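This briefing is meant for a reader who is meeting the structure for the first time.

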Amino acid sequence: MSQPLQDNICDDLLFERFYKKHSKNLHDFLYYKFGEHLNPQDKVQEAFIKLWQNCGKIALPKAKSYLFTTANNLMLNAVAHQKVVLKYSKQPQKHYTSESPEFVLQEKEYHKKLQNAISNLTEAQRIAFLLNRVEGKRFKEIAELLNISTKAVEKRIYGALKKLRKEIKEL
Amino acid sequence: MKREELIKKWLDYNLSTEELNAFERLEDYNNIIQLDTALTDFKAPDFSIDNNYESIKPKLKKETAKSNEWLKPLMKFVAILAIGFSIYYYTTTLDTHIDTIVAQHTKVELPDSSTVNLNANSTLSFNKNNWNDDREVRLNGEAFFNVAKGQKFDVITSIGIVSVLGTEFNVNQRKNYFEVTCYEGLVAVTHRDKTVKLKPGYTFRIINGKLRANEKENTTQPSWLRGESSFNSIPLKYVISELKNQYNIDISTNNVDTSRLFTGSFTHKNLDLALQSVTIPLNLGYSKSGKSIVLKRE
């Protein structure tokens with residue numbers, strides 16, 4: 001029987017590597033799921049600290065899922081006290097001015113519609129879709145991150161795209 | 001290839017060049033691309049892994065330090081426990097001491113409900129913990145024992161050992177004076193490797209290392225329990241020291257022969273009466289000034 005060298009991540013270096021591998025994904029996941037006003041960055045840090053405090057109790061293969069669950073719960077606790085307002089408020093910043101005012105206005109309009117449509121997606125769809133489109137993650141990566149099958153990811157993302165386009169066309 | 005398939009492959013960043021061309025020819029290609037570019041504006045705020053790790057690092061360090069610190073209170077707790085245990089052990093295995101001062105009588109209950117009446121100026125010690133294995137008391141002075149039935153019961157004095165099994169007896173051990181009187185049952189007295197068995201009413205007495213004849217007495221309790229000291233042919237000096245034990249006084253006996261034998265008794269309640277009961281039969285007189293008493297020949 002071969003045993004892993006270390007079955008927890010109490011080791012400094014191991015923890016650092018773990019942090020660098022998962023922190024951004026966790027942050028993005030929380031952001032696309034809950035929006036930014038609940039401060040996903042803080043929750044990421046909190047979740048990692050919790051993981052560190054309990055590092056002796058958590059086997060390495062379970063660490064990632066512990067981390068995501070913890071962060072998710074931290075978020076849900078915050079949500080319980082605050083009505084969710086999904087607000088993807090990051091306004092597009094255009095650095096070029098060659099567009100006609102009309103075009104700029106159209107652009108603004110389009111973003112508003114899109115924002116609305118995104119907040120109307122289901123949570124599952126939104127997370128998968130934005131991780132895919134914005135963060136450029138492939139289906140397989142998302143599936144790993146969310147602990148679901150690639151097929152399910154594909155379904156969520158395609159469904160989200162269809163829904164978005166439909167809503168934008170309607171408005 | 002079907003439209004849906006193409007879009008899905010595009011979503012998964014998995015289009016070959018051929019498929020890409022096909023995808024670009026889709027009638028809603030522009031729409032999709034417009035949507036896609038607009039979506040990038042919804043990107044999550046930058047999460048700087050390195051910066052964030054640096055900011056979390058001190059907290060982790062503190063936690064590791066803490067993980068050692070939890071030992072500290074534990075160590076304290078263990079130390080307190082150890083100290084407490086040793087104190088408990090020490091005190092419970094320690095002998096129990098009972099002292100009486102001059103003119104004081106005390107009744108002591110031993111752990112097995114045997115009782116000891118301790119006469120004045122005496123010391124009794126025993127070990128409560130070992131009591132079940134070893135019924136053993138150390139005596140210095142005089143005491144009357146009423147021993148509950150059971151294992152061997154030993155009274156250890158500097159002159160001899162008295163062993164019994166459930167009985168009533170009196171042990172009197174003063175300076176150079178050792179007296180055991182049995183009132184009930186059977187008492188064995190060991191003195192210098194010789195064991196003498198005493199039947200009820202008999203007294204074993206050693207004065208100055210010499211064995212005195214023992215004779216039968218017809219009382220059921222030593223007289224001192226009734227507030228009286230009785231003597232039967234006992235040298236005067238032991239009578240005087242017993243007087244000193246019962247009364248807080250100083251007695252000087254210049255010119256008086258203290259080896260004369262005295263038979264009689266004195267009370268513990270009245271000093272003058274006691275002095276008279278000792279001096280008159282021996283044809284002596286005394287003068288009293290405060291706490292010091294001088295005996296003299298008439």
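Is B:C182 buried or exposed? In this predicted model, B:C182 is buried, since its relative accessible area is 0% and anything under 20% counts as buried.

**The disulfide**

- A disulfide is a covalent bond that joins the sulfur atoms of two cysteines.
- Over all chains the count comes to 1 disulfide, and the pair in question is A:C10 and A:C55, whose sulfur atoms lie 2.0 Å apart.
- The torsion about the S-S bond of A:C10 and A:C55 is about 105°, and the disulfide is therefore right-handed.
- Because A:C10 lies in the segment before α1 (12-34) of chain A, while A:C55 sits in the loop between α2 (40-53) and α3 (60-80) of chain A, the pair ties together parts that are 45 residues apart in sequence.

- A:C10 is partly exposed, with a relative accessible area of 28%, whereas A:C55 counts as buried at 7% relative accessibility.

**Chain B as a whole**

- Chain B contains 7 helices and 18 strands, and of its 298 residues 41% count as buried.
- When contacts in chain B between residues at least 6 apart in sequence are considered, 41% of them join residues at least 24 apart.
- The accessible surface of chain B comes to about 16,900 Å², and 51% of this surface belongs to carbon and sulfur atoms.

Terms used: Residues numbered from 1 in each chain as written. Chains lettered and ligands numbered in written order. Predicted model: local features only at pLDDT ≥ 70, side-chain atom pairs only at ≥ 80, totals over all residues. Heavy atoms only, no water. Disulfide = S-S within 2.5 Å. Helix = DSSP H or I, 4+ residues; strand = E, 2+ residues; numbered from the N terminus. Buried < 20%, exposed > 50% of the residue type's maximum accessible area, 1.4 Å probe, protein only. Contact = heavy atoms within 4.5 Å. Areas by Shrake-Rupley, 256 points an atom, 1.4 Å probe, with all protein chains shown as cover.
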